[in-house]
Amino acid sequence: MSRNSPETRPARRRAPMMPWSVRRSLLSAANTIDLKARQVLFHADDPGDGCYFLRDGVVKASVVSKDGQERLLAVMGPGALIGELSLFDDRPRSAAITALKPCRLLHLSKGSFFRVADANPLVYREALKILARRLRETNQSMVAQGTVPVVGRVARAFASLAQGLGEERPGGKILIANKITQTDIAGMAGVARENASRAINDLLRDGVLGREGNYYVVARMEELLDLAEI
(Lines give C-alpha, C1' and ligand atoms only; values in the text may rest on other atoms or scores of the structure.)
Protein backbone atom coordinates (compact mmCIF):
# COMPACT_ATOMS: atom_id res chain seq x y z
CA MET A 1 0.00 0.00 0.00
CA SER A 2 1.33 3.45 -0.91
CA ARG A 3 2.78 5.73 1.75
CA ASN A 4 0.36 8.40 0.58
CA SER A 5 -2.68 6.19 1.17
CA PRO A 6 -4.87 7.53 4.02
CA GLU A 7 -5.46 3.94 5.15
CA THR A 8 -1.84 3.74 6.33
CA ARG A 9 -1.71 6.92 8.37
CA PRO A 10 -3.16 7.82 11.76
CA ALA A 11 -5.58 10.59 10.88
CA ARG A 12 -6.94 13.40 12.97
CA ARG A 13 -10.63 12.96 13.52
CA ARG A 14 -12.76 15.35 11.50
CA ALA A 15 -16.33 16.44 11.96
CA PRO A 16 -18.73 14.57 9.64
CA MET A 17 -20.04 16.53 6.69
CA MET A 18 -23.80 16.86 6.40
CA PRO A 19 -26.21 19.43 4.97
CA TRP A 20 -26.06 22.78 6.74
CA SER A 21 -29.75 22.60 7.67
CA VAL A 22 -29.11 19.40 9.63
CA ARG A 23 -25.94 20.73 11.25
CA ARG A 24 -27.79 23.92 12.20
CA SER A 25 -30.48 21.85 13.91
CA LEU A 26 -27.85 19.98 15.90
CA LEU A 27 -25.90 23.11 16.81
CA SER A 28 -29.01 25.04 17.84
CA ALA A 29 -29.84 22.29 20.33
CA ALA A 30 -26.33 22.28 21.84
CA ASN A 31 -24.84 24.12 24.79
CA THR A 32 -21.36 25.68 24.78
CA ILE A 33 -18.79 24.44 27.29
CA ASP A 34 -15.36 25.99 27.88
CA LEU A 35 -12.53 24.05 29.49
CA LYS A 36 -9.22 25.26 30.88
CA ALA A 37 -6.02 23.33 30.18
CA ARG A 38 -5.87 20.17 32.34
CA GLN A 39 -9.58 20.39 33.16
CA VAL A 40 -11.46 17.08 32.93
CA LEU A 41 -14.55 16.93 30.73
CA PHE A 42 -15.62 13.55 32.09
CA HIS A 43 -14.10 10.47 33.72
CA ALA A 44 -14.26 6.81 32.74
CA ASP A 45 -17.44 5.18 34.11
CA ASP A 46 -19.30 8.50 34.30
CA PRO A 47 -22.88 8.31 32.95
CA GLY A 48 -23.13 9.00 29.24
CA ASP A 49 -25.36 12.08 29.14
CA GLY A 50 -24.72 13.09 25.54
CA CYS A 51 -21.96 13.83 23.06
CA TYR A 52 -19.58 16.72 22.45
CA PHE A 53 -18.26 18.47 19.36
CA LEU A 54 -14.80 19.98 19.83
CA ARG A 55 -14.71 23.40 18.15
CA ASP A 56 -11.37 24.67 19.45
CA GLY A 57 -8.51 23.21 21.45
CA VAL A 58 -7.03 19.76 22.01
CA VAL A 59 -8.13 16.98 24.36
CA LYS A 60 -6.72 13.59 25.32
CA ALA A 61 -8.57 10.33 25.93
CA SER A 62 -7.04 8.15 28.63
CA VAL A 63 -7.75 5.29 31.02
CA VAL A 64 -6.17 4.23 34.29
CA SER A 65 -4.68 0.73 34.30
CA LYS A 66 -4.87 -1.74 37.18
CA ASP A 67 -1.49 -0.58 38.47
CA GLY A 68 -2.77 2.98 38.72
CA GLN A 69 -0.88 4.30 35.69
CA GLU A 70 -2.61 6.53 33.18
CA ARG A 71 -2.63 5.16 29.63
CA LEU A 72 -3.00 7.69 26.85
CA LEU A 73 -5.35 6.40 24.15
CA ALA A 74 -5.68 9.28 21.72
CA VAL A 75 -5.25 13.01 21.17
CA MET A 76 -8.08 14.82 19.40
CA GLY A 77 -8.20 18.27 17.83
CA PRO A 78 -10.87 20.59 16.42
CA GLY A 79 -13.63 18.75 14.59
CA ALA A 80 -13.61 15.69 16.85
CA LEU A 81 -16.87 14.16 18.03
CA ILE A 82 -16.51 12.91 21.60
CA GLY A 83 -18.63 10.53 23.66
CA GLU A 84 -20.95 9.42 20.88
CA LEU A 85 -20.81 5.72 21.83
CA SER A 86 -22.79 6.31 25.01
CA LEU A 87 -25.61 7.77 22.93
CA PHE A 88 -26.32 4.39 21.42
CA ASP A 89 -25.38 1.73 23.97
CA ASP A 90 -26.51 3.52 27.17
CA ARG A 91 -23.30 2.47 28.89
CA PRO A 92 -20.92 4.61 30.99
CA ARG A 93 -17.99 6.49 29.51
CA SER A 94 -15.17 4.19 28.45
CA ALA A 95 -12.36 6.73 28.96
CA ALA A 96 -11.58 10.06 30.57
CA ILE A 97 -11.38 13.18 28.43
CA THR A 98 -9.06 15.96 29.59
CA ALA A 99 -8.22 19.30 27.95
CA LEU A 100 -4.58 19.68 26.95
CA LYS A 101 -5.19 23.27 25.86
CA PRO A 102 -8.08 25.69 26.48
CA CYS A 103 -11.08 24.20 24.68
CA ARG A 104 -14.52 25.16 23.50
CA LEU A 105 -17.01 22.35 22.99
CA LEU A 106 -20.65 22.00 22.08
CA HIS A 107 -22.61 19.57 24.26
CA LEU A 108 -25.64 17.83 22.81
CA SER A 109 -27.73 15.94 25.35
CA LYS A 110 -28.99 12.47 24.53
CA GLY A 111 -32.59 13.66 24.40
CA SER A 112 -31.76 16.57 22.11
CA PHE A 113 -29.71 14.36 19.80
CA PHE A 114 -32.50 11.84 19.27
CA ARG A 115 -35.13 14.54 18.79
CA VAL A 116 -33.05 16.10 16.02
CA ALA A 117 -32.08 12.72 14.55
CA ASP A 118 -35.67 11.45 14.47
CA ALA A 119 -36.65 14.58 12.53
CA ASN A 120 -33.58 14.33 10.27
CA PRO A 121 -32.75 10.63 9.58
CA LEU A 122 -29.58 11.72 7.77
CA VAL A 123 -28.09 12.25 11.24
CA TYR A 124 -28.26 8.49 11.83
CA ARG A 125 -26.46 7.83 8.56
CA GLU A 126 -23.68 10.22 9.52
CA ALA A 127 -23.47 8.65 12.97
CA LEU A 128 -23.01 5.24 11.35
CA LYS A 129 -20.16 6.66 9.28
CA ILE A 130 -18.46 7.91 12.44
CA LEU A 131 -18.85 4.53 14.16
CA ALA A 132 -17.53 2.76 11.06
CA ARG A 133 -14.49 5.05 11.04
CA ARG A 134 -13.87 4.26 14.71
CA LEU A 135 -14.02 0.55 13.89
CA ARG A 136 -11.56 0.99 11.03
CA GLU A 137 -9.17 2.83 13.34
CA THR A 138 -9.44 0.02 15.88
CA ASN A 139 -8.84 -2.59 13.19
CA GLN A 140 -5.78 -0.73 11.96
CA SER A 141 -4.39 -0.56 15.49
CA MET A 142 -4.91 -4.30 15.93
CA VAL A 143 -3.23 -5.03 12.60
CA ALA A 144 -0.33 -2.77 13.56
CA GLN A 145 0.16 -4.61 16.85
CA GLY A 146 0.49 -7.90 14.95
CA THR A 147 2.49 -6.80 11.92
CA VAL A 148 4.35 -3.56 12.64
CA PRO A 149 7.56 -3.71 14.72
CA VAL A 150 7.83 -1.75 17.94
CA VAL A 151 9.59 1.19 16.33
CA GLY A 152 6.78 1.42 13.77
CA ARG A 153 4.09 1.39 16.44
CA VAL A 154 5.95 4.10 18.33
CA ALA A 155 6.20 6.05 15.08
CA ARG A 156 2.41 5.77 14.64
CA ALA A 157 1.94 7.21 18.13
CA PHE A 158 4.21 10.17 17.36
CA ALA A 159 2.50 10.76 14.02
CA SER A 160 -0.89 10.88 15.75
CA LEU A 161 0.42 13.28 18.40
CA ALA A 162 1.98 15.49 15.74
CA GLN A 163 -1.35 15.75 13.94
CA GLY A 164 -3.24 16.56 17.15
CA LEU A 165 -0.71 18.76 18.96
CA GLY A 166 1.80 19.69 16.29
CA GLU A 167 3.08 23.20 15.68
CA GLU A 168 5.05 23.81 12.50
CA ARG A 169 8.67 24.87 12.77
CA PRO A 170 11.12 26.07 10.10
CA GLY A 171 12.42 23.38 7.81
CA GLY A 172 9.28 21.26 7.94
CA LYS A 173 9.79 20.21 11.54
CA ILE A 174 6.79 19.74 13.82
CA LEU A 175 6.92 20.52 17.53
CA ILE A 176 4.66 18.36 19.71
CA ALA A 177 3.69 21.20 21.99
CA ASN A 178 2.83 19.23 25.08
CA LYS A 179 4.92 17.30 27.56
CA ILE A 180 4.70 13.67 26.44
CA THR A 181 6.25 10.88 28.52
CA GLN A 182 7.62 7.54 27.43
CA THR A 183 4.75 5.95 29.36
CA ASP A 184 2.29 7.95 27.20
CA ILE A 185 3.96 6.69 24.03
CA ALA A 186 4.06 3.12 25.33
CA GLY A 187 0.33 3.29 26.11
CA MET A 188 -0.59 4.63 22.67
CA ALA A 189 1.67 2.10 20.93
CA GLY A 190 0.55 -0.83 23.04
CA VAL A 191 4.10 -1.82 24.05
CA ALA A 192 6.08 -2.04 27.28
CA ARG A 193 7.63 1.23 28.43
CA GLU A 194 11.14 -0.22 28.18
CA ASN A 195 10.55 -1.19 24.54
CA ALA A 196 9.07 2.23 23.79
CA SER A 197 12.12 3.87 25.38
CA ARG A 198 14.50 1.92 23.14
CA ALA A 199 12.46 2.77 20.04
CA ILE A 200 12.36 6.48 20.95
CA ASN A 201 16.12 6.50 21.48
CA ASP A 202 16.57 4.88 18.06
CA LEU A 203 14.39 7.54 16.43
CA LEU A 204 16.30 10.29 18.23
CA ARG A 205 19.66 8.80 17.23
CA ASP A 206 18.58 8.51 13.59
CA GLY A 207 17.37 12.12 13.53
CA VAL A 208 13.73 11.24 12.80
CA LEU A 209 12.83 12.78 16.17
CA GLY A 210 14.50 15.62 18.04
CA ARG A 211 14.06 17.53 21.26
CA GLU A 212 13.27 21.19 21.94
CA GLY A 213 13.51 21.69 25.67
CA ASN A 214 11.08 19.24 27.27
CA TYR A 215 9.18 18.67 24.03
CA TYR A 216 9.62 16.20 21.20
CA VAL A 217 10.06 17.41 17.64
CA VAL A 218 9.27 15.39 14.55
CA ALA A 219 12.25 16.30 12.38
CA ARG A 220 11.47 14.08 9.39
CA MET A 221 7.76 13.37 9.08
CA GLU A 222 7.97 11.37 5.86
CA GLU A 223 10.42 8.94 7.41
CA LEU A 224 8.22 8.69 10.50
CA LEU A 225 5.21 7.81 8.32
CA ASP A 226 7.28 5.27 6.38
CA LEU A 227 8.09 3.52 9.65
CA ALA A 228 4.44 3.68 10.74
CA GLU A 229 3.09 2.17 7.53
CA ILE A 230 1.15 -1.09 7.89
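Me: What share of the 230 residues in the protein chain is buried?

Reply: In this predicted model, buried residues make up 44% of the 230 residues, where a residue counts as buried when its relative accessible area is under 20%.

Me: Why are helices α5 and α7 called roughly perpendicular to each other?

Reply: Helix α5 (residues 150-165) and helix α7 (residues 193-205) pack at an angle of about 75°, with their axes 9 Å apart; angles of 65 to 115 degrees count as roughly perpendicular, and the pair is therefore described in that way.

Me: Which residues make the contact between these two helices, and what makes it nonpolar, polar or charged by class?

Reply: From α5 come Val 150, Val 151, Val 154 and Phe 158, while α7 supplies Asn 195, Ala 196, Ala 199, Ile 200 and Leu 203. Since Ala, Val, Leu, Ile and Phe are among the residues that count as nonpolar, the contact is classed as eight nonpolar, one polar and no charged residues.

Me: What makes β1 and β6 the edges of the open sheet?

Reply: The four strands run in the order β1-β8-β3-β6 with antiparallel pairing; β1 (31-35) and β6 (81-82) each have a single partner strand, so one side of each is left without a neighbour in the sheet.

Me: How do you know that β3 and β8 pair?

Reply: Pairing requires at least two bridges, and β3 (residues 50-56) and β8 (residues 103-109) are joined in the antiparallel sense over six bridges, with Tyr 52 standing opposite His 107 in β8. Helix α3 (residues 110-119) packs on the sheet, touching both β3 and β8, and its direction makes about 70° with that of β8.

Note on methods:
Residues numbered from 1 in each chain as written. Predicted model: local features only at pLDDT ≥ 70, side-chain atom pairs only at ≥ 80, totals over all residues. Heavy atoms only, no water. Contact = heavy atoms within 4.5 Å. Axes fitted to C-alpha atoms, helices over the stretch in contact; angles between N-to-C directions. Parallel < 35°, antiparallel > 145°, perpendicular 65-115°, else oblique. Buried < 20%, exposed > 50% of the residue type's maximum accessible area, 1.4 Å probe, protein only.
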